[in-house]
Amino acid sequence: MMILLQLLIAHILTDFVLQPGSWITHKRKFKQRSYLLIIHSLIAGVLSVVLLQNIQFWYVGLFITITHYFIDWWKLTQKEDTLKYFLLDQLFHVVMIMLAWLYISNNFNEILPGIQYVLNSTAILAIISVYLIVIFPTGFLIGKATKIWQSEIEITHQKNSLEAAGRYIGIFERILVLTFILTNNFSAIGFLIAAKSILRFSEKSETGARKQTEYVLIGTLMSFAITIILGLLVRNLIF
């Protein structure tokens, strides 16, 4: 695990600390012809070996350098620098780092047993399932349940709210509530409700804000109620 952490730190330092904005601009302009892309990739490899504190792992540095170069090259060829490509870029880097870690630590033979353990663990499957439920189906359920009021606030909502902001707020609040329940931090849920209530009721001076606030409150209470019930059921199952 120490090796994995060392490699991850090397990557974070390379991509987010030791890469000035001017380098990013240069790479986007010249793409694979940018000499800074080569330097950036070399830094990733060299820093990996430095943090591993063993020159015998030079081949790991070479592997990281080459894979980092081609992954960044792929990202630079995309027409837009969107969140999707950023996440894919980081995912590819992490996968390469994990492959290097598995090779160094000779843990490839532990992959299949690890997968089997996860798939046969009631506790792990229950936790994964409940998170998936509160992230996806619960949002659709609340949307259907509150649909009868959507037309009343639609115009005001479009003028005074970010597109799809409510959906993402709901997802993150359900993730937080479920996490608080599973970690036995029930008091934190009260602070979350209070913070959201203060924020919403501070908008009451705006036109149509009362209806919008009531609509959001209904959705929030439904969201919290469903998540709390599911969280308590899972706690009862695995603890």
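This is a predicted model: local features need pLDDT of at least 70, side-chain atom pairs count only at pLDDT 80 or more; totals for chains, interfaces and linings use all residues.
Residues are numbered from 1 along each chain as its sequence is written, and side-chain values use heavy atoms, with hydrogens and water left out.

Next, the extents: I get about 65 × 50 × 25 Å for the C-alpha trace along its principal axes. For secondary structure I find 12 helices and 0 strands (DSSP runs numbered from the N terminus; helices are H or I, at least four residues, strands E, at least two).

I then checked burial and surface. Buried residues (under 20% relative accessible area, 1.4 Å probe, protein chains only) make up 33% of the 239. The accessible surface (Shrake-Rupley, 1.4 Å probe) is about 15,400 Å², with 69% of that on carbon and sulfur atoms. Of the contacts (heavy atoms within 4.5 Å) between residues at least 6 apart in sequence, 69% join residues at least 24 apart.

I used a 1 Å grid over the protein atoms alone: a cavity is a set of points where a 1.4 Å probe fits but cannot get out, a pocket is an open set with protein on both sides within 12 Å along at least five of seven lines, and lining residues have an atom within 4 Å of a point. Points are joined across faces, edges and corners, and a volume is the space filled by probe spheres set on them.

I count 1 cavity of 30 Å³ or more, and the largest cavity holds about 80 Å³. Its lining includes His11, Ser48, His68 and His93. H1 (2–17), H3 (35–52), H4 (58–76) and H5 (83–105) each supply at least two lining residues, and H4 gives the most, with 4.

Last, the second largest pocket: I get about 360 Å³. Of its 18 lining residues, Ile24, Arg28, Lys75, Leu76 and Asp81 are the closest to its centre. The lining divides into 4 nonpolar, 4 polar and 10 charged. H1, H2 (21–30), H4 and H5 each give at least two residues to that lining.

How values were computed
Buried means under 20% relative accessible area, exposed over 50%, partly exposed in between (1.4 Å probe, protein chains only). Ala, Val, Leu, Ile, Met, Phe, Trp, Tyr, Cys and Pro count as nonpolar, Asp, Glu, Lys and Arg as charged, and the others, Gly among them, as polar.
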